[in-house]
Every structure is written in structure tokens, then in C-alpha cells.
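Dear colleague,

Please find below the structure that I promised to pass on to you. My notes on it follow, and I would be glad if you read them with the model open beside you.

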Amino acid sequence: MLPKIDTPVYELTLPVSKKPVKYRPFLVKEEKLLLIAQSSDDQTDIIRAIKQVITNCITDTNVNVEKFTTFDLEYFFVKLRAKSVQNIVSLSYRDNE
């Protein structure tokens, strides 16, 4: 029998609904979902992938991601990414002038 690999569990309170949610960091398979959605350049696919990753990472069974407000969804995803990858994002932009 293979050993069960435990991941750390974190908790945060959603800012709009004030509901506490327990979650684990996303794994390589969830990161791959995000990369596939990003390559499609379709906003609907990206949002669907983000919701799927959040649903996979939430350890509470009574939480419905479809009922999250947009702000709660974005806030949760930023916190999830910070715990999963790192909390520093390299930003680059091009000034066309």
C-alpha cells in the first residue's frame, strides 16, 4: 500500500461573505489546468479553470465555488497562488509610446 502524502492545510476568511474556508495548495495537475486555459486566450476558459482549481483545493465539503462573488473568487485565487507557488509575482509590461 502506498503512503498517503499529506499537504498543508490553510484557512482564510473570504472578505465579502466572511466565511472561513480551509484549503490546500494547488498541485502540478491543477497548475497544468491553469496553463492550458491560459494558452487558449478565452476568458471563459480561464475563469472555468480557476473555479475548477479552487474547487479541487478546498477541503471543506460545504463550500460552493459557484456562489462566490467575483471579488471573493479573485481574492481566494491570489491567496491560493501565494501558498502554492510564491507570493512574489514578476510583472512586465510594454509602453507603446
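Ala 37 is found in helix H1 (helices, H or I, are DSSP runs of at least four residues and strands, E, are runs of at least two, numbered from the N terminus). With a relative accessible area of 8%, Ala 37 is buried, where buried means under 20% relative accessible area, exposed means over 50%, and partly exposed lies in between, using a 1.4 Å probe and protein chains only. Once its neighbours within four places in sequence are set aside, Ala 37 is in contact with Asp 45, Ile 46 and Ala 49, contact being defined as heavy atoms within 4.5 Å.

Please keep in mind that this is a predicted model, in which local features need pLDDT of at least 70 and side-chain atom pairs count only at pLDDT 80 or more, while totals for chains, interfaces and linings use all residues. Residues are numbered from 1 along each chain as its sequence is written, and side-chain values use heavy atoms, with hydrogens and water left out.

Helix H1, which spans residues 28-40, also holds Leu 34, and this residue counts as buried because its relative accessibility is 17%. Apart from neighbours within four places in sequence, the contacts of Leu 34 are Phe 26, Ala 49, Ile 50, Val 53 and Phe 77.

How do helices H2 and H3 pack against each other? Helix H2 (residues 43-57) and helix H3 (residues 70-84) meet at an angle of about 65°, and their axes are 11 Å apart; the axes are lines fitted to C-alpha atoms, for helices over the stretch in contact, and angles run from 0 to 180 degrees between N-to-C directions. On the H2 side the contacts come from Ile 50, Lys 51, Val 53, Ile 54 and Cys 57, and on the H3 side from Leu 73, Phe 76, Phe 77 and Leu 80.

The loop between strand E1 (10-13) and strand E2 (20-23) contains Lys 18, whose phi is near 60°, a positive value in a residue other than glycine. Lys 18 is exposed, as its relative accessible area is 59%. Val 16 belongs to the loop between E1 and E2 as well, and it counts as partly exposed at 46% relative accessibility. Beyond its neighbours within four places in sequence, Val 16 is in contact with Thr 69, Phe 71 and Asp 72. The C-alpha atoms of Val 16 and Leu 73 are separated by 10 Å, although these residues lie 57 positions apart along the chain.

As for the chain as a whole, its secondary structure comes to 3 helices and 2 strands, arranged along the sequence in the pattern β-β-α-α-α. The C-alpha atoms fill a box of roughly 55 × 35 × 25 Å along the principal axes, and of the 97 residues, 25% count as buried. Among contacts with a separation of 6 or more, 50% are accounted for by residues 24 or more positions apart.

With kind regards
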